[in-house]
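Hello,

Here is the structure I promised to pass on. Please have a look, then read my notes below.

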There are 2 protein chains.
Amino acid sequence: MTKYSFDRLHQFAVNLFMKIGCPIEQAIEAANVLLSADLRGVDSHGVARLVGYLRLYEKNRINSKPQISVVHETPSTAVVDGDAGLGLVAGPYAMRLAIEKAKNVGTGWISVKNSNHYGIAGYHAMMALEADCIGISMTNASPLVAPTYSKERLLGTNPIAVAVPAENEPPFVADMATTTAANGKLEILQRKNESAPLGWLQDKEGQPTQAAQGIVEGGALLPLGGDREHGSHKGYILGSIVDILSAVLSGANFGPWVPPFVSFLDPDPNPVGIGIGHFFGALRIDAFRPASEFKTHMDIWIKRFRNATTINETNKVIIPGDPERRMDQLRRKEGIPLLDTVVKDLQSLSEQYQVKF
Amino acid sequence: MTKYSFDRLHQFAVNLFMKIGCPIEQAIEAANVLLSADLRGVDSHGVARLVGYLRLYEKNRINSKPQISVVHETPSTAVVDGDAGLGLVAGPYAMRLAIEKAKNVGTGWISVKNSNHYGIAGYHAMMALEADCIGISMTNASPLVAPTYSKERLLGTNPIAVAVPAENEPPFVADMATTTAANGKLEILQRKNESAPLGWLQDKEGQPTQAAQGIVEGGALLPLGGDREHGSHKGYILGSIVDILSAVLSGANFGPWVPPFVSFLDPDPNPVGIGIGHFFGALRIDAFRPASEFKTHMDIWIKRFRNATTINETNKVIIPGDPERRMDQLRRKEGIPLLDTVVKDLQSLSEQYQVKF
């Protein structure tokens with residue numbers, strides 16, 4: 001583990017994106033989204049993914065100069081075509097449109113097709129905060145998850161993020177995969193060669209397994225809940241709703257047809273839609289009640305939950321977004337620790353693309 | 001268990017609501033919502049709850065002649081004041097308003113305060129289907145759920161329902177508590193004196209318990225996921241989002257301040273809002289893409305999931321709404337089975353209010 005400054009990693013990402021042809025504003029935007037993951041401690045979704053995006057670009061699966069467009073719209077809705085560009089760029093574009101609509105008619109809701117991986121869901125949701133809006137962000141993803149009773153992987157980890165502004169308290173920022181555990185958590189276990197808790201995974205026969213590498217051997221991640229008795233049908237429902245709003249509503253690929261993020265797996269030759277899909281929402285607070293009233297009540301909500309009587313003294317009740325915000329503050333100051341394998345990837349990208357790391 | 005026809009139970013509910021002063025249209029609407037639970041097999045939320053509503057009425061906690069009003073609105077949003085009436089009436093009122101706004105500007109989003117229990121979440125979401133809208137419905141509820149690490153009960157079972165129209169397939173209708181198990185499931189175990197699976201409950205010290213009556217002895221229901229390792233923080237997040245959209249956005253009570261549904265527990269003398277809160281959404285399909293295209297794709301989605309290769313031959317992958325729809329068809333034909341205790345309650349209401357059962 002070596003620590004790198006935010007500025008150094010951000011500049012590298014910007015230069016790399018520009019090298020493959022991204023316009024400078026898009027390169028900066030994409031780097032912002034990517035680095036927000038590193039800062040917030042979601043290491044799986046930060047610069048560690050740069051090599052993944054580049055491999056997809058090399059396979060002509062990512063368009064570095066997308067003409068993002070609005071396909072259809074009403075005062076509170078739109079479908080956006082990402083033109084096969086980075087989701088890291090289409091996401092902020094769509095979220096800005098949602099916020100603009102919220103300013104005009106109270107809320108804005110954008111479904112995006114023809115996109116690619118959009119980084120952490122929370123980044124996009126948080127864009128709404130400075131406009132005094134509640135922000136919502138979700139996306140479908142490579143099929144890795146078996147619905148309850150299924151042997152097949154039909155859904156992605158399909159995350160949901162919601163950001164809510166408060167007055168004196170920091171905002172409530174939730175960002176969660178709809179599986180028991182996010183794929184990033186599993187990758188950590190795989191690297192350490194450790195086993196996973198029961199309830200995270202099934203093997204290729206659909207039986208519960210603790211083998212973290214089970215997922216690469218035809219197994220599947222399990223929907224939040226783990227098994228039927230513990231509500232896995234609810235995790236399956238949540239993942240399905242994300243899939244429908246992100247992709248059936250926009251015309252992107254859904255379910256098992258979602259193109260895999262990894263470049264060594266080819267997309268389905270008979271797609272049902274185009275690219276992957278996202279869904280964004282912005283609700284202007286004062287389209288409901290005065291923003292100051294709402295935010296004062298959010299402060300009460302947050303304080304009451306944070307100060308709840310707990311089972312033991314070690315663990316306080318956590319307000320969603322608190323740990324990530326603390327990590328962000330720390331890493332801006334002390335740097336972002338990267339695994340040696342990630343550093344090696346960045347160095348080889350640096351050589352391949354002749355971009356200084 | 002004796003079976004009663006839909007018509008008989010519906011008429012009884014209508015007459016009872018009218019007897020306490022509900023205008024006839026409101027009495028019919030409330031009975032429609034209530035009976036939809038009995039038809040769909042959600043026995044805990046149907047006529048078995050009539051006695052609960054009546055006890056609250058007797059304590060002056062339910063207003064039988066509410067003047068429901070719009071407090072504030074924009075083209076795509078509104079806050080509705082339920083005037084302390086039945087949520088069974090305020091819910092459909094707000095959902096109709098959401099659908100009307102969706103017709104005008106693409107989507108409609110209504111947050112409701114000063115309301116009471118609104119029956120099954122799914123009823124309201126399904127109202128959107130005939131308008132070719134996606135319907136969303138959620139509500140907060142009596143605090144029975146302990147967030148991850150908390151010994152205290154700070155959230156309700158806060159359900160989320162989403163209804164999505166399809167073309168030739170029946171609609172996708174999800175309706176789920178954000179806890180591992182709904183309270184109704186627990187009540188069934190309590191009546192049968194059976195123990196609950198681990199992961200459903202904690203006792204008053206916050207320790208895992210299988211004692212179904214633990215909840216009445218100061219214990220708590222657990223958020224979907226059950227424990228931290230299995231993602232209970234995500235169930236806690238979901239319940240929190242429902243609470244915020246339903247109550248902080250409308251000005252209703254939130255978190256531990258939500259007035260209890262049972263009449264023998266008094267509401268907090270220092271409330272933070274007014275009544276309980278709901279949140280409704282309607283998204284007009286063709287505000288995104290042509291409805292026929294969308295619905296054809298929903299058919300593909302539904303068929304692909306329904307026909308997934310399964311782990312065993314007994315259990316197929318279930319499309320949300322399928323079991324409830326089958327139950328509805330069966331019970332309309334063969335009648336609604338009621339437990340003797342429920343029949344006794346209805347008979348005593350019949351005597352008390354001089355309404356023929």
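**What I found**

In chain A, 17 of the 17 residues of α7(A) are buried, so this helix is largely enclosed by the rest of the structure. Keep in mind that this is a predicted model. Helix α7 of chain A covers residues 232–248. From first C-alpha to last it reaches 23 Å, close to the 24 Å expected at 1.5 Å a residue.

Next, the domains. The assignment for chain A gives domain 1 (2–180 + 222–287) and domain 2 (181–221). The C-alpha centres of these two domains of chain A lie 23 Å apart. Domain 1 of chain A puts 15 residues into the contact, and domain 2 of chain A puts in 13 residues. On the domain 1 side of chain A, the touching residues are six nonpolar, six polar and three charged.

Now the core. The largest nonpolar core has 236 residues. A:A13 and B:A13 have the most contacts inside it. Domain 1 and domain 2 of chain A both give residues to this core, so it lies between them. Leaving out residues up to four places away in sequence, A:A13 touches A:A31, A:L34, A:L35, A:V47 and A:L50.

Last, the symmetry. A rotation of 180 degrees, with 0.0 Å of shift along its axis, superposes chain A on chain B (RMSD 0.0 Å). That is the relation of a two-fold axis. Within chain A, A:G225 comes closest to the rotation axis, its C-alpha at 2.4 Å. The copies meet through the same surface, because 100% of the interface residues of chain A are also interface residues in chain B.

Best wishes

Note on methods:
Residues are numbered from 1 along each chain as its sequence is written. Chains are lettered from A and ligands numbered from 1 in the order in which they are written. This is a predicted model: local features need pLDDT of at least 70, side-chain atom pairs count only at pLDDT 80 or more; totals for chains, interfaces and linings use all residues. Copies are superposed by least squares on the C-alpha atoms of residues with pLDDT of at least 70 in both. Two residues are in contact if their C-beta atoms, placed from the backbone, lie within 7 Å. Helices (H or I, at least four residues) and strands (E, at least two) are DSSP runs, numbered from the N terminus. The expected span of a helix is 1.5 Å times one less than its number of residues. A residue is buried if 20 or more other C-beta atoms lie within 10 Å of its own, exposed if 12 or fewer, and partly exposed in between; C-beta atoms are placed from the backbone. A nonpolar core is a set of buried Ala, Val, Leu, Ile, Met, Phe, Trp, Tyr and Cys residues joined through C-beta atoms within 7 Å. Domain bounds come from an automatic or database domain assignment. Ala, Val, Leu, Ile, Met, Phe, Trp, Tyr, Cys and Pro count as nonpolar, Asp, Glu, Lys and Arg as charged, and the others, Gly among them, as polar.
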